[in-house]
Amino acid sequence: MTSALFVVSEEGYWAEECVEPLTTLESAGVDVTVATPSGDPPVVDERSIDPDEVGEETAERVREVHENHEELNDPEPIARVDAADYDAVAFPGGHGTEWDVNQDRHARTLLRDAVAGDDGKALVVCHAVGILAFTRTDDGEFLVDGRDVTGFPNEWEQGIVDDDDRMPDGRKLPYWVEDEVVAAGGNWDAELDADASVTVDGDLVTARGPESSSAAAQALLDELGVAAAAGD
């Protein structure tokens, strides 16, 4: 059976960016495991389950999965999982990833190992794309150097943080994803004129944000050679 590991933030993941790929893969018969930095259940960004922010239908659907999904509520610590045991490793986004997943050495190892060789795949979404700025290959080079990628753009970040880079909840955003990934050598194009943005470069799939979640899930299924469930 095809398997996938989802590495999810304990500091605030964006619900749709996790739930859409996770449930799409499961519906296609992929065996899903969830891991978090410490092994505690992931914490959802409340904005991503707010009907006023994402709409009633999306809010209800993602909240139900967040509260009741067995694996999502009983994750593994990322130090105890190995990318070699899975066909794909997925990194859902959300601002919270900037404080934990993107900075975690075990998460970076999972990403590096997932795209090394010919077998593994990685999906990295939205703010989680920032992990590419801190992940190096076995040769010490930035993993993203020379790769085509998309992710959460500066233009959108400007509409969220204040002049001191503080989030609506008061936390100081430590960096902007686009700036760091470009500095590490990534070929950045968030396709701001497109409704969705998903980029595939070798074994690495990146996606811009929530509205790209469905396309990201399909792209990963395509890369894995797995057919989507009927109706998806």
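Select Glu191 to begin: at 32% relative accessibility this residue counts as partly exposed. The cut-offs are under 20% relative accessible area for buried and over 50% for exposed, with partly exposed in between, using a 1.4 Å probe and protein chains only.

The model is predicted, so local features need pLDDT of at least 70 and side-chain atom pairs count only at pLDDT 80 or more, while totals for chains, interfaces and linings use all residues. Residues are numbered from 1 along each chain as its sequence is written, and side-chain values use heavy atoms, with hydrogens and water left out.

**Two loop residues**

Stay on Glu191, which sits in the loop between strand S7 (187–188) and strand S8 (198–201). Helices (H or I, at least four residues) and strands (E, at least two) are DSSP runs, numbered from the N terminus. The phi of Glu191 is near 50°, a positive value in a residue other than glycine. Most residues other than glycine have a negative phi.

Next select Cys126, in the loop between strand S5 (121–125) and strand S6 (148–149). Its phi is near 60°, again positive in a residue other than glycine. Cys126 is buried, with a relative accessible area of 3%.

**The sheet**

Seven of them form an open sheet in the order S3-S2-S1-S4-S5-S9-S8, with mixed pairing. Strand S3 (76–77) and S8 are at the edges with a single partner strand each, so one side of each has no neighbour in the sheet. Two strands pair if DSSP finds at least two bridges between them.

Go to strand S4 (residues 88–91). S1 and S4 run parallel and are joined by three bridges; Ala4 has Ala88 as its bridge partner in S4. On to S5: S4 pairs with it in the parallel sense over four bridges. Ala88 has Lys121 as its bridge partner in S5, and Phe91 stands opposite Val124 in S5.

Which residues of S4 are buried on each of its faces? Ala88 and Ala90 are buried on one side, Val89 and Phe91 on the other, and both faces of S4 are covered. In a regular strand the side chains alternate between the two faces of the sheet.

Move to S8 and strand S9 (residues 204–207), which run antiparallel and are joined by four bridges. Val200 stands opposite Val205 in S9. The two strands form a hairpin with two residues between them, and Gly202 in the turn has a positive phi of about 65°.

Select helix H1 (residues 15–27). H1 lies across strand S1 (3–7), strand S2 (31–36) and S5, running at about 170° to S1. Axes are lines fitted to C-alpha atoms, for helices over the stretch in contact, and angles run from 0 to 180 degrees between N-to-C directions.

H1 and H7 pack at an angle of about 40°, with their axes 8 Å apart. The two helices are therefore oblique to each other; angles under 35 degrees count as roughly parallel, over 145 as roughly antiparallel, 65 to 115 as roughly perpendicular and the rest as oblique. H1 passes H7 in a right-handed crossing. A crossing is right-handed if the near helix is turned clockwise from the far one by less than a right angle, and left-handed if anticlockwise.

To see the contact (heavy atoms within 4.5 Å), show the side chains of Glu16, Glu17, Glu20, Pro21, Thr24 and Leu25 in H1 and of Ser213, Ser214, Ala217, Leu220 and Leu221 in H7. These residues divide into five nonpolar, three polar and three charged. Ala, Val, Leu, Ile, Met, Phe, Trp, Tyr, Cys and Pro count as nonpolar, Asp, Glu, Lys and Arg as charged, and the others, Gly among them, as polar.

Centre on Ser213 in H7. Ser213 is buried, with a relative accessible area of 1%. Leaving aside neighbours within four places in sequence, Ser213 is in contact with Glu16, Glu17, Glu20 and Pro21.

**Two aspartates**

Select Asp100, in the loop between S4 and helix H4 (105–115). Buried or exposed? Asp100 is buried, at a relative accessible area of 10%. Not counting residues up to four places away in sequence, Asp100 touches Ser9, Glu10, Glu11 and Pro37. Its C-alpha atom is separated by 23 Å from that of Gly120, 20 residues apart along the chain.

Finish at Asp52, in helix H2 (residues 51–54). Asp52 counts as exposed, at 77% relative accessibility. From Asp52, draw a line to Val205: the two are 153 residues apart in sequence and 30 Å apart in space, C-alpha to C-alpha.
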